[in-house]
Amino acid sequence: AKRCPYSRPTFRLPHRLSVGALSQQLPLRLIELRIPTRQRRLEKLLDTPAEIFFKYEGVSPAGSHKPNTAVAQAYYNAVEGTTKLTTETGAGQWGASLSFACSLLGLDCEVWQVRSSYDQKPYRRFQMETYGGVCHPSPSDLTESGRAMLAADPDTTGSLGMAISEAVEVEHSTATALSLRRASAISPSVTATGGSASVPGRRSS
């Protein structure tokens with residue numbers, strides 16, 4: 001029988017990544033738990049020449065399909081030298097998935113979760129923290145945008161837009177600080193204007 005071309009994905013980490021042997025093998029083993037299976041009886045019932053495959057996502061370590069893209073995003077960021085990922089999440093599935101992915105690749109992960117979900121679903125936050133992620137309720141008093149939102153409405157329950165605003169602000173601040181550190185090692189006269197460094201630097205989040 002013809003096999004699905006995606007049934008045995010390969011996951012190889014470049015040697016320059018400082019991760020242990022377990023981290024190199026774990027992603028493949030987890031992916032193999034969710035190998036697509038051929039649905040031959042359904043194909044026959046539909047009388048179709050198409051090959052139909054189903055993949056069960058219930059055994060995902062994060063409890064959803066979202067590690068499918070989270071692992072890939074963390075992997076390619078790690079290859080490029082990124083050390084930290086910053087993101088937003090609503091109910092917490094994406095935050096848990098990215099925290100999980102970062103744990104496999106030795107990356108730091110910071111998550112801004114919509115405040116209503118942060119309060120209603122504490123176990124999602126526990127899950128992120130179990131994988132090594134840091135989770136903040138949004139809006140918060142940790143960012144300029146968060147403080148402005150709270151000043152406008154102290155009782156706000158938050159939204160994805162608010163969480164994204166805080167995540168982007170933190171990412172931009174981290175990238176700017178990293179650029180300045182790297183640039184000052186070359187030229188001590190480099191300064192920051194308008195919130196951005198005058199020389200480029202690699203993003204760190």
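Modeller: Let's start with Ser99, which is buried, its relative accessible area being 1%. (Buried is under 20% relative accessible area, exposed is over 50% and partly exposed is in between, using a 1.4 Å probe and protein chains only.) Keep in mind that this is a predicted model: local features need pLDDT of at least 70, side-chain atom pairs count only at pLDDT 80 or more, and totals for chains, interfaces and linings use all residues. Residues are numbered from 1 along each chain as its sequence is written, and side-chain values use heavy atoms, with hydrogens and water left out.

Ser99 sits in helix α4, and that helix is the part I'd like to show you.

What does Ser99 touch, leaving aside its neighbours within four places in sequence? Its partners are Cys109, Val111, Met128, Tyr131 and Gly133, where contact means heavy atoms within 4.5 Å. Take Tyr131: it is 32 residues from Ser99 in sequence, yet their C-alpha atoms are 5.6 Å apart in space. Links across the sequence turn up in the overall count too: among contacts between residues at least 6 apart in sequence, 58% join residues at least 24 apart.

The axes of α4 (residues 93-105) and α6 (residues 122-130) come within 8 Å and cross at roughly 15°. (An axis is a line fitted to C-alpha atoms, for helices over the stretch in contact, and angles run from 0 to 180 degrees between N-to-C directions.) α4 and α6 are therefore roughly parallel to each other. (Under 35 degrees counts as roughly parallel, over 145 as roughly antiparallel, 65 to 115 as roughly perpendicular, and the rest as oblique.) The crossing of α4 and α6 is left-handed; that is, the near helix is turned anticlockwise from the far one by less than a right angle, with clockwise giving right-handed. On the α4 side, the contact is made by Gln93, Gly95, Ala96 and Ser99, and on the α6 side by Arg124, Gln127 and Met128. By type, these residues are two nonpolar, four polar and one charged. (Nonpolar covers Ala, Val, Leu, Ile, Met, Phe, Trp, Tyr, Cys and Pro; charged covers Asp, Glu, Lys and Arg; the others, Gly among them, are polar.)

Now for another partner of α4. The axes of α3 and α4 come within 8 Å and cross at roughly 40°, which makes α3 oblique to α4. α3 passes α4 in a right-handed crossing. From α3 come Pro67, Thr69, Ala70, Val71, Gln73, Ala74, Tyr75 and Ala78; they meet Trp94, Ser97, Leu98, Phe100, Ala101, Cys102, Leu104 and Leu105 of α4. The contact of α3 with α4 divides into 13 nonpolar residues, three polar and no charged.

Leu98 is worth a look of its own: apart from neighbours within four places in sequence, Leu98 is in contact with Ala70, Leu85, Thr87 and Cys109.

For contrast, look away from α4 for a moment. Arg147, in helix α7, is partly exposed, with a relative accessible area of 42%. Not counting residues up to four places away in sequence, Arg147 touches Ser140, Asp141 and Leu142. Asp47, in the loop between α2 (40-46) and β2 (53-54), is exposed at 69% relative accessible area.

Conventions: Helix = DSSP H or I, 4+ residues; strand = E, 2+ residues; numbered from the N terminus.
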